[in-house]
Amino acid sequence: MRAVLATYADAPVWADAPDPVAGPGLVTVSMRAVPLHNLARGIAEGRHYAAPAAPGFVIGVDGVGVTEDGRRVYVSAPGTAAPTIVVPSAALVDVPDALDDLQAAAAVNAVMSSWMAMTVRTRVHPGQTVLVLGATGGSGRPAVAVARHFGARVIAAGRNTDVLETVGADATVDMSAPEAEIAEALRREKIDVVIDYLWGRPAELTLAALEKRGPSEFVQIGTMAGAEITLPGALLRSTDIRLLGSGFGSFTADEVAAARPAILDAVVELGIAMDVTAVPAESVADVWRADTAGTRVVLTL
């Protein structure tokens with residue numbers, strides 16, 4: 001068969017791959033839609049900590065397909081960007097009828113990041129105020145809806161002010177404003193939980209605004225604004241604050257598997273709709289380096 005293979009030198013390629021062989025306990029799935037979110041891209045390029053040591057593997061970590069007995073399922077497993085895959089039955093969750101293939105493929109990973117942060121790494125509950133750093137991104141927008149779903153008051157922070165006003169937050173912070181204005185806006189709020197997709201300078205400003213104003217929890221998910229920060233030790237000593245990471249490795253595979261049905265139901269219940277660009281899998285190289293900001297690329301098979 002042909003599949004999308006990682007190269008580590010350039011874009012993935014549509015090339016020959018071994019046909020999958022079903023064995024005991026494995027289910028054959030005909031894939032229809034495979035999203036190219038940040039996790040899938042990071043592994044495909046060899047820069048994510050979960051990436052294999054060498055290229056040549058089939059890319060993709062999730063997607064939507066159909067089993068031999070006609071179930072339409074969301075699949076969470078390595079190597080989904082192929083017409084046919086074999087996976088353990090535990091990797092499959094039925095897709096609600098209200099979600100089409102593209103929306104289900106695009107939404108689950110986007111919602112999962114904040115869902116796991118708010119249910120496993122911490123427990124967001126009514127009466128709290130949650131700040132979403134990077135609320136205008138593909139995962140940040142659903143994070144606002146998830147936080148509201150759990151009863152929190154939500155502050156959305158981001159640079160795209162047009163999008164910022166549409167995410168449904170209770171308050172907003174313009175991260176493109178001068179730093180003094182950002183700091184003042186953050187310090188006006190009593191923030192209980194930070195859901196951070198940015199890191200870098202926005203995280204430094206936020207942590208400084210939390211100084212001596214705890215208790216607070218800062219949950220780090222993404223690094224869109226920078227991979228590192230400067231963090232004064234005195235800030236941690238003087239503040240009741242917990243720094244947490246949320247990603248594969250900070251929660252278990254069983255915890256992710258247990259959450260998937262609730263995440264799919266929440267996508268429907270909350271009316272989360274992703275901006276999707278569908279691209280045939282054989283054209284993956286054409287879109288790999290393209291500017292896809294604001295949309296979620298989904299490979300179709």
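A residue is termed buried when its relative accessible area is under 20%, exposed when over 50% and partly exposed in between (1.4 Å probe, protein chains only). The structure is a predicted model, in which local features require pLDDT of at least 70 and side-chain atom pairs count only at pLDDT 80 or more, whereas totals for chains, interfaces and linings use all residues. Residues are numbered from 1 along each chain as its sequence is written, and side-chain values use heavy atoms, with hydrogens and water left out.

Four aromatic pairs are present, a pair being rings of Phe, Tyr and Trp (its six-membered ring) with centres within 6.5 Å, classed as stacked for planes under 30 degrees apart, edge-to-face for over 60 and tilted for the rest. One of them is the tilted pair of Trp-115 and Phe-150, with 5.1 Å between centres and 55 degrees between planes. Because Trp-115 belongs to helix H2 (residues 101–121) and Phe-150 to the loop between helix H3 (140–149) and strand S9 (153–158), this pair ties together parts 35 residues apart in sequence; helices (H or I, at least four residues) and strands (E, at least two) are DSSP runs numbered from the N terminus. Phe-150 is buried, at 18% relative accessible area, and Trp-115 is likewise buried, at 9%.

The axes of H2 and H3, as lines fitted to C-alpha atoms over the stretch in contact, come within 9 Å and cross at roughly 40 degrees. Contact (heavy atoms within 4.5 Å) involves Ala-110, Val-111, Ser-114, Trp-115 and Met-118 of H2 and Pro-142, Ala-143, Val-146, Ala-147 and His-149 of H3.

Note on methods:
Axes fitted to C-alpha atoms, helices over the stretch in contact; angles between N-to-C directions.
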